[in-house]
Amino acid sequence: MDDYLFEANVLRCKSVTEVTTYLEIFSYSDASYNSVEEHPLTPDEFENYLHRRGAFAPPTLPAGVVQLSCIRLVLQQEAKHPETFTPHVISLRPEVYKSMVVAMNLPYRAIESTSVVGPFFWAAWDQDEINPHLQIVFRKSDVRKKGYTRGWELMLSHDVKNGITTGFAKGTPSSDMMECIKHLKACVLQVGHPMLLPIIIFSHDISYKTDIKQRDARDWLRRLEHAVSMRSEIEEREGYVKEGVVDLDAINRDLVECHSQVLWKRPKAYLEILACIERACDKFVKKLPDERNDTEMKKLQNSMLGRLEFYRVKLQGIESYAYTTLQRLEIQRSALYNIIAQKESKLNFQMAGEQRKIAHSSKRDSAAMKWISLIGAVFLPGAYLASVFSMTFFNWGDPSKPVTTSFWIYWAIDIPVTVVIVAGWYVWEKRREAKYDREDADLEKGSEDMEKNIMATMRKRTMSKVSTWDTKKKE
């Protein structure tokens, strides 16, 4: 089953090219023969390195000198391809990758971990009962940043009888892989323990930077608390006060950024990894042959377990510290939302008062127009009749013929003029409505553009790297 899944996953993967080197560390019974070598590994020499042929053949040792342990690694310490840690991507050609895994007896399951999230550690014995190998997969990958994926990975296989560790290690420039390999080179006498490199990587991953991040986040939180509670300690140089007014948007933005800062490298995940590493150490010791389980190996095992216990206490302290910081952040967020709600409520009251004034003013104007219209409606019929009967078409002095025969001239002129006026008014009204429609469309478009600009500005302000948090000490 493992063979089929391995072949299927390798065929599914895309391959990219990375600069490759090799590392060989040998420890002998005579320390003067100990060696550490790291050189570029060209494609034409890759198979020779895997099978220890040619220049990579085991050296001839003088009588009485034996090899105690060694570690042989294929390294890609500065993986720079943008997709090198993308799921289903390997940094060797498929046939070369398969040859490396088979020749070095590396875990087939490692190819299935290219898409795992967060720190991942797995260790188990292979199925060889005669010459068992402890296989290890340790990796961590993250999403893209500035167009590049980030992370590191480690595949190891340890021959428990002969003390030989083989493997493949890769890391991006943002990881500490180069520093870890440098650390490994300084531990020539300890390379017989398969957990040496994983613990070195673990140590660098939870280095002092994690503690400093939490301390800086707490200091940032304290300044946010001063700003939210309007304490006298808040200063304008902190960026929260502008011309005597507290910038609530800046405080809200920094609360979010501070929260994400506290969640950086959550201790809970690393405590799980630590427990897995301890179990792997126990697995190694239980199958360690008596000839290798000497005093130095026991001291190294106890030293590693003691270091892991130290990291456990340290991570538990960070977890408690981060929990307190998160709780205080929640309190400040709730307080800030209450302040914003109160200000919005006050603003709504002010707007309601202004709208009420406008409504009363409109009501008074409409009442005045109503009376004007009523007066006009009362007097208009009388005025119209008076103007008609006062025309010369009527002769009230001659009772026999009070209306002249030319009265039709009035209607002949009045009716066409009225029609022309009404038609002109109708055309003008239609044009005015069309103009209003265009103005409404422009107003709506302007509102949409304004909303887009506001949202864009908010996004720029939210995602801007310019923060009020300055961790650098000002001289």
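**Buried residues, cysteines and cavities**

Colleague: Why is S113 called buried?

Modeller: S113 has a relative accessible area of 4%. Buried means under 20% (exposed is over 50%, partly exposed in between, with a 1.4 Å probe and protein chains only). The value of 4% is under the cut-off, so S113 counts as buried. This is a predicted model: local features need pLDDT of at least 70, side-chain atom pairs count only at pLDDT 80 or more, and totals for chains, interfaces and linings use all residues. Residues are numbered from 1 along each chain as its sequence is written, and side-chain values use heavy atoms, with hydrogens and water left out.

Colleague: Where is S113, and what does S113 touch?

Modeller: S113 sits in the loop between α3 and β6. Helices (H or I, at least four residues) and strands (E, at least two) are DSSP runs, numbered from the N terminus. S113 touches F120, V137 and R139, leaving aside residues up to four places away in sequence. Contact means heavy atoms within 4.5 Å.

Colleague: Which residues of α3 are buried, and what covers them?

Modeller: In α3 (residues 94-103), V96, Y97, S99, M100 and V101 are buried. Their cover includes α1 (2-12), α2 (46-51), β4, β5, β8 and β9. Just after α3, N105 takes a positive phi of about 55°.

Colleague: How do you know that the span of α8 agrees with its number of residues?

Modeller: Helix α8 (residues 267-286) has 20 residues. The expected span is 1.5 Å times one less than the number of residues.

Colleague: Which residues of α8 are buried, and what covers them?

Modeller: They are P267, Y270, L271, I273, L274, I277, E278, A280, C281 and F284. Among the elements covering them are β6 (120-125), β7 (133-145), β8 (148-159), α5 (196-205) and α9 (295-389).

Colleague: How many disulfides does the structure have?

Modeller: Zero, in a search of the whole structure. C187 is in no disulfide: the nearest cysteine sulfur, that of C180, is 11 Å away. A disulfide needs a pair of cysteine sulfur atoms within 2.5 Å.

Colleague: What makes C187 and C13 buried?

Modeller: C187 has a relative accessible area of 13%. For C13 the value is 9%. Each is under 20%, so each counts as buried.

Colleague: How many cavities of 30 Å³ or more are there, and what makes a space a cavity?

Modeller: There are two. On a 1 Å grid over the protein atoms alone, a cavity is a set of points where a 1.4 Å probe fits but cannot get out; a pocket is an open set with protein on both sides within 12 Å along at least five of seven lines. Lining residues have an atom within 4 Å of a point.

Colleague: What lines the largest cavity?

Modeller: V89, I90, S91, Y97, A110, I111, T114, R139, E153, F168 and K170. The elements giving two or more residues are β5 (89-90) and β9 (164-171). The largest cavity holds about 60 Å³ of space.

Colleague: What lines the second largest cavity?

Modeller: I71, L156, T165, L184, V191, H193, P194, L196 and L197. This cavity holds about 40 Å³.

Colleague: Which residues lie nearest the centre of the second largest pocket?

Modeller: L68, L189, D294, E296 and M297, out of 15 lining residues. The largest share of the lining, four residues, comes from α9. The volume is about 430 Å³.

Notes
Points joined across faces, edges and corners; volume = space filled by probe spheres on them.
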